[in-house]
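Let's take a walk through this structure together, beginning with the ligand and then stepping back to the space around it. Keep the 3D view open as you read.

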Amino acid sequence: MKVITVSNQVEGGSLAFSLLKEALDAGAKTLGLATGSSPLTFYKEIVESDLDLSNIISFNLDEYVGLPVEHEQSYHHFMQKHLFVAKPFKETFLPSGLAEDLTAEIKRYEEALAEHPIDFQILGIGRNGHIGFNEPGTAFDSRTHIVDLAENTIDANSRFFSSSQEVPRQALSMGIASIMASKQIVLMAYGFEKAQAVTQMVEGPITTAVPASILQKHSNVTIIADQAAASKLS
Ligand code: GLP
């Protein structure tokens with residue numbers, strides 16, 4: 001696991017963008033994408049670049065269950081707004097939290113992932129160490145699944161909704177094994193509120209209590225953190 005400290009999120013986004021370019025030059029065809037505030041500067045770099053992604057396939061990590069795609073806080077909406085409108089991909093996959101049969105939707109997602117293995121996966125990290133929506137306690141061999149969101153995740157994400165009541169209680173998320181199958185992983189973490197999760201991920205025991213700690217076992221992970229998020233590392 002390589003940890004690179006940057007002075008701010010703009011620098012972190014540029015660094016992630018240069019890692020993406022290297023991966024694309026080396027033949028990467030499938031990108032794994034994340035939502036949240038951490039990847040925003042990375043998406044901005046992509047949008048402002050002349051990168052052509054029309055031959056690239058993308059997968060998103062997760063989506064809330066039950067939010068209409070046009071809802072401001074749906075991850076479909078987020079991806080359209082921050083990336084897909086400006087940079088068309090060959091094909092984009094996002095789990096559908098509106099599918100009538102969520103089990104069939106999960107199967108569809110895993111089949112698509114098996115057909116297009118992810119070359120380059122972007123991740124953020126939750127304050128409790130979650131990746132995607134894999135909350136503490138999620139099995140390391142999990143594949144795409146339905147998740148009951150942890151109370152502190154609902155609290156953390158309620159800043160995007162008018163009240164915490166409005167935050168969906170469930171999500172579909174790629175599992176930890178689905179994420180670990182990616183060839184390369186770049187995780188971005190910014191701010192003091194991530195410092196404890198970053199330290200547990202990098203220096204703590206590998207435990208399902210801190211889902212991101214499994215990344216210690218992956219052979220190609222880069223953590224991009226600002227000084228605040230890296231401040232508790234020894
Ligand atoms: C949500 C997403 C995660 C993301 C996390 C952190 O829970 N499902 O994929 O990593 O938030 O978000 P932020 O980058 O806004 O701190």
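Start at glycine 132: one of its polar backbone atoms is 3.3 Å from a nitrogen atom of the ligand. Keep in mind as you look that this is a predicted model. Now find the ligand's oxygen atoms. Serine 37 has a polar backbone atom 2.7 Å from a ligand oxygen, while histidine 130 uses its side chain, with a polar atom there lying 2.9 Å from an oxygen of the ligand. How much of the ligand does the protein bury? On its own, the ligand would expose 390 Å², and the protein buries 94% of that.

Who else is around? In total, 13 residues surround the ligand, and the closest ones are Ser37, Ser38, Asp62, His130 and Lys194. Sort that shell by class and you get 3 nonpolar, 7 polar and 3 charged residues.

Now zoom out a bit. The ligand takes up the space of the largest pocket, which holds about 750 Å³. Its lining is made of 37 residues, and those nearest the centre of the pocket are Gly36, Ser37, Asn157, Arg159 and Phe160.

Technical notes. Residues numbered from 1 in each chain as written. Predicted model: local features only at pLDDT ≥ 70, side-chain atom pairs only at ≥ 80, totals over all residues. Heavy atoms only, no water. Near = heavy atom within 4 Å. Polar contact = N/O pair within 3.5 Å; in protein donor to acceptor, adjacent residues only side chain to side chain. Areas by Shrake-Rupley, 256 points an atom, 1.4 Å probe, with all protein chains shown as cover. 1 Å grid on protein atoms, 1.4 Å probe; cavity = no way out; pocket = protein on both sides within 12 Å on 5 of 7 lines; lining within 4 Å. Sits in = over half its atoms within 2 Å of the grid points. Nonpolar A, V, L, I, M, F, W, Y, C, P; charged D, E, K, R; others polar. Points joined across faces, edges and corners; volume = space filled by probe spheres on them.
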